[in-house]
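The following paragraphs lead through selected features of the structure, beginning with a sheet and moving on to other chains. The reader may wish to keep the coordinates open while following the text.

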Amino acid sequence: MNAKKHPYGILSVLLLILVMMAFISLGIGAVYTSPVEVFTNLIGKSLSNHFILFNYRIPRMLLAVIVGASLAVSGAILQGILKNPLASPDVIGVTKGSGLFAVAVLIIFPGASMMALPFSAFLGAAVIAIALMLFSYTQGTKTHSLALIGVALGAICQAGIQYFMIKFPDNVNTTLLWLTGSLWGRGWNEMWFLIPCLVLIPLIIIFTSKLDILNLGDEMAVGLGERIKYVRYTLLSISVILTGASVAVVGSIGFIGLISPHIGRRLIGSRSKFLLPVSALIGSLFLLLADTVGRGVVPPIEIPAGIVTAIIGAPYFLYLLRREQKNK
Amino acid sequence: MKTRRKLKIGSVMAILSILLVLAGCGAKQDSTNEKSSNKQKVAVKHELGTTKVPENPKRIVVLELSFVDALHGLGIKPVGIADDNKKDMIEQLVNGKMKYTSVGTRQQPNLEVISSLKPDLIIADVQRHKAIYKDLQQIAPTIELNSRESTYEENIDAFKTIATATGKDKKAEERLNKHEETIAKLKKEVKEENGQTILPAVVRDTSFQAHTSASYDGGFLEKLGFKDAVQSKDAYAEMNLEQLSDINPDILILANNEGKLLTDEWKSNPLWKNLKAVKNHKVFVVDRNLWTRFRGVVSSEAIGKDTVKLLHDQQK
Amino acid sequence: MNIKKQRTSRYIIGFIGVFLLIAGIFIHVSVGSSSISITDVIRALFHPDNSKQTTIIQTLRLPRAVLAALIGASLAVAGALMQAITRNSLASPQVFGVNAGASLAIVVATILFPELHSKTTVYFSFLGSALGGITVYLFAAGGKVTHIKLALAGMAVHLFLSSLTQGVIVLNEDATDVLYWLVGSINGKNWSHVLVLLPWSVFGLLAAFIMGRSISILVLGENMATGLGEKVQWIRLVAGVIVIILAGSSVAVAGPIGFIGLMVPHIARKLVGGDYQRILPFSALLGGILLVYADILSRFIAYPFESPVGIVTALIGAPFFLYLARKGRKIKQ
């Protein structure tokens with residue numbers, strides 16, 4: 001396809017769209033801010049909606065961009081490691097593990113400081129990843145086992161979450177809302193948790209050659225001298241950190257890690273060198289769009305971004321997969 | 001060659017993102033609202049500490065229904081209410097039309113709208129809104145009180161705190177005295193049923209949730225001389241038909257949800273038909289908003305009047 | 001000699017199974033928010049009087065126990081059929097999105113038409129479970145239907161449908177009922193529910209048992225089956241319809257109770273071998289036993305309050321799923 005011959009072109013177009021979308025999203029919300037107002041605010045001349053812009057819209061926009069990119073990259077990595085186009089942090093149980101630990105803290109220690117939540121999300125993601133590696137160790141880290149075991153672990157976490165909700169029913173609503181994933185009430189304070197993402201994403205994009213070698217197949221890669229297990233585990237850890245940080249900030253938003261790499265692959269092919277940055281941009285766009293729509297459709301009510309990603313993501317995913325079936 | 005290009009793109013993105021974050025942090029500092037410091041402040045103690053509230057606040061935003069009730073009792077109109085987008089519910093609460101701006105759901109009030117109203121006081125629920133306390137403080141002085149899980153006594157305390165915050169201590173005292181008188185009068189009117197067991201409950205599609213002596217309506221009904229059929233530390237108790245028939249209250253008050261009800265299925269069961277309350281025709285269906293959502297000095301009097309009416313109508 | 005031994009051992013297993021089921025039902029009836037002794041239970045059933053206890057047993061507890069047995073049987077057989085058609089040991093109404101599709105359809109129906117009775121919501125449930133199942137089948141069917149592909153496709157569809165369900169419910173304030181629709185429960189069900197389920201379950205179970213022989217042949221391999229004169233596509237279609245009926249009606253009455261369809265066929269296969277004429281009825285028996293005992297356990301999670309039985313099946317079933325994932329075997333003949 002033509003697109004595949006101009007990867008840098010695609011990257012630039014996507015970046016441009018992202019910037020435009022970001023700008024538009026700054027204007028949308030319960031209090032509509034015209035683009036002119038947004039612009040004058042940004043260049044430093046304060047106007048009436050300065051407070052809203054700088055305290056709510058801008059941090060939310062940045063959070064959406066970073067979390068979207070993190071989840072997308074995490075998904076792309078997982079799909080590369082597991083060689084399965086359906087792999088993603090949601091499906092492999094990492095998101096659920098994060099959710100489980102965070103919910104446990106939310107419910108069992110309601111008095112805990114707001115710091116406890118992100119750390120438990122990280123911890124949950126890490127525990128799942130370690131469990132994944134442990135359980136698949138005996139199988140020799142064959143890619144098949146990892147995926148399947150991940151699904152099973154996710155099912156266990158899901159059961160755990162439901163158990164907590166049953167035992168502590170007073171908090172069901174808050175818990176469910178948190179689990180659905182949303183950017184409501186998130187601001188500059190949450191930005192700190194995303195610092196690992198800010199560091200990791202550019203890094204991984206630079207070192208995408210490692211991922212491509214994995215794609216060649218275990219036997220060939222071994223022949224090329226790479227220490228397969230080491231590379232795979234490192235990449236898995238990166239994926240986990242990205243997911244853990246994202247869940248810590250926005251709760252368990254789904255489909256971004258699943259769909260963004262798919263769209264990326266359709267635009268630009270499977271070479272990780274371009275797939276990762278393109279997926280990241282698409283992920284950012286996706287979450288930004290979801291959050292903006294959620295904010296702007298029925299103000300002052302906000303639809304959680306996680307619901308919008310599900311509504312957009314589900315049918316689109318079905319469409320994608322049917323196309324893949326047809327092409328086979 | 002290509003690696004250098006990648007490195008360039010990668011580093012540019014990293015730098016851009018860090019720059020944006022720094023810009024944001026910088027902007028954050030100069031965007032904290034400067035309040036006019038020439039106004040007198042009142043120190044108000046609430047569930048999350050003490051907040052300095054300007055005297056006689058004119059623009060108040062409330063994020064729970066019991067606060068609307070409290071302000072109504074004090075004769076104050078809030079400029080913003082978290083009303084779950086149900087304007088008629090608020091009109092029912094204040095028994096009339098009222099102009100205000102909706103700030104969204106009580107679960108997730110819209111911070112943008114709140115800030116655009118430029119309030120000088122925000123009253124929030126400590127159970128629902130603890131997480132956004134800091135964000136609310138950034139907009140205006142905020143006090144967080146017990147609403148959602150409050151007992152009758154806690155609700156009265158919250159009423160008093162709100163009175164202090166709005167400078168209406170005197171009015172509050174008068175109102176509370178009137179309240180006591182009303183309760184005494186109502187208690188006399190149900191003198192015959194004094195000591196009987198009463199059970200308020202919220203009925204849904206798959207659950208029957210009893211309100212115990214620790215709940216708001218349970219506690220209030222006990223003030224009127226009844227005994228809540230379930231004495232407990234927890235405010236709510238899910239029940240099945242067996243447990244209900246064991247408890248067998250004299251009076252049953254059902255606050256029904258919309259749609260299918262669990263009790264519809266129970267009605268054909270002999271266990272239900274043998275309940276004291278059913279046999280004596282003392283099962284009453286009441287408005288769910290009034291009985292379980294509003295909560296407050298004014299609303300409780302309405303609940304009381306409701307109860308009296310239901311019991312006396314039935315006797316005719 | 002060996003065959004005779006096998007047959008006797010199977011009969012023994014069968015008898016034990018029936019005994020366990022009946023014992024289970026008795027225990028189920030006696031355990032509850034107030035304990036009723038077994039002797040009282042027996043008296044209530046065989047010499048009913050008008051006492052309150054008898055009423056409780058007859059109108060509340062017994063229907064619930066019967067419902068547990070029926071649903072357990074239906075889901076187990078549905079799972080066995082699915083594992084046979086897809087030749088994948090991980091197939092089950094839950095993994096295939098059948099459960100999730102059914103519950104989404106019901107939630108949507110309840111919101112759009114709040115006054116609907118269970119009798120009518122069953123049809124919505126059928127529609128939902130059909131859509132869910134077909135969607136996953138479409139994904140997993142292209143090329144080799146490997147374990148991973150199926151599991152991932154199923155999990156992906158399950159994720160979509162559950163989060164849509166979750167979203168729809170979260171936007172309505174009353175979330176207490178939510179859990180019951182996400183997890184499956186038989187609390188508070190009575191004879192009217194049994195009556196709704198009974199025709200579909202009985203029909204589905206009988207139809208499945210009749211198909212036992214064809215299924216056994218199908219599992220041998222498509223080519224062999226066609227060679228033996230079986231119309232493979234036809235068998236698959238009919239079996240699929242039976243699955244939808246069994247799973248769909250169960251979800252309509254009790255929500256998406258999971259993992260029964262996954263676990264039971266495996267255990268059944270271990271106990272009675274690979275012939276589906278035996279596996280199917282045995283799965284029904286075993287499924288009934290499992291769900292009855294699971295429901296008994298569910299009373300104790302938040303005693304004295306009841307919990308959804310779906311939690312117990314999930315807490316047992318998810319680790320079992322993990323165990324299966326680690327073994328990663330296909331169906332052995």
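**The sheet of chain B and its surroundings**

In chain B, five strands form an open sheet with parallel pairing, in the order 5-4-3-6-7. Strand 5 (101-102) and strand 7 of chain B each have a single partner strand and stand at the edges, so one side of each is left without a neighbour in the sheet. The model described here is a predicted one. Strands of a sheet pair through backbone hydrogen bonds, in either the parallel or the antiparallel sense.

The sheet can be followed from the edge formed by strand 5 of chain B. Strand 4 of chain B pairs with strand 5 of chain B in the parallel sense over two bridges, and B:G80 has B:T101 in strand 5 of chain B as its bridge partner. Further along, strand 3 (residues 60-62) of chain B runs parallel to strand 6 of chain B and is joined to it by three bridges. Here B:V62 stands opposite B:I123 of strand 6 of chain B.

Strand 6 of chain B is mostly covered, since five of its five residues are buried. In a regular strand the side chains alternate between the two faces of the sheet. From strand 6 of chain B, B:L121, B:I123 and B:D125 point one way, while B:I122 and B:A124 point the other way, and all are buried.

Which strand pairs with strand 6 of chain B over four bridges? Strand 7 of chain B does so, and strand 6 (residues 121-125) of chain B pairs with it in the parallel sense. One of the positions in this pairing is B:I122, whose bridge partner in strand 7 of chain B is B:T142.

Two loop residues of chain B deserve attention for their backbone angles. B:D84, in the loop between strand 4 (80-81) and helix 3 (87-93) of chain B, has a phi near 55°, a positive value in a residue other than glycine. B:D84 is partly exposed, with 18 other C-beta atoms within 10 Å. B:K118 lies in the loop between helix 4 (111-116) and strand 6 of chain B. Its phi is near 45°, again a positive value in a residue other than glycine, and with 14 C-beta neighbours inside 10 Å B:K118 counts as partly exposed.

Two packed helices are described by the angle between their axes and the distance between the axes. In chain C, the axes of helix 12 (residues 260-272) and helix 13 (residues 276-298) come within 9 Å and cross at roughly 125°. That angle makes helix 12 of chain C oblique to helix 13 of chain C. The crossing of helix 12 and helix 13 of chain C is right-handed. Among the residues making the contact are C:I260, C:V264, C:P265 and C:I267 of helix 12 of chain C, and C:R278, C:I279, C:F282 and C:S283 of helix 13 of chain C.

C:K189 is found in the loop between helix 7 (176-183) and helix 8 (191-210) of chain C. Not counting residues up to four places away in sequence, C:K189 touches C:P63, C:R64, C:L67, C:V253 and C:A254. The C-alpha atoms of C:K189 and C:R61 are separated by 8.8 Å, although these residues are 128 residues apart along the chain.

**Chain A in outline**

Chain A has 16 helices and zero strands. Of its 328 residues, 57% are buried. Among the contacts in chain A with a separation of 6 or more, 75% are between residues 24 or more positions apart.

Conventions:
Residues are numbered from 1 along each chain as its sequence is written. Chains are lettered from A and ligands numbered from 1 in the order in which they are written. This is a predicted model: local features need pLDDT of at least 70, side-chain atom pairs count only at pLDDT 80 or more; totals for chains, interfaces and linings use all residues. Two strands pair if DSSP finds at least two bridges between them. A residue is buried if 20 or more other C-beta atoms lie within 10 Å of its own, exposed if 12 or fewer, and partly exposed in between; C-beta atoms are placed from the backbone. Axes are lines fitted to C-alpha atoms, for helices over the stretch in contact, and angles run from 0 to 180 degrees between N-to-C directions. Angles under 35 degrees count as roughly parallel, over 145 as roughly antiparallel, 65 to 115 as roughly perpendicular and the rest as oblique. A crossing is left-handed if the near helix is turned anticlockwise from the far one by less than a right angle, and right-handed if clockwise. Two residues are in contact if their C-beta atoms, placed from the backbone, lie within 7 Å.
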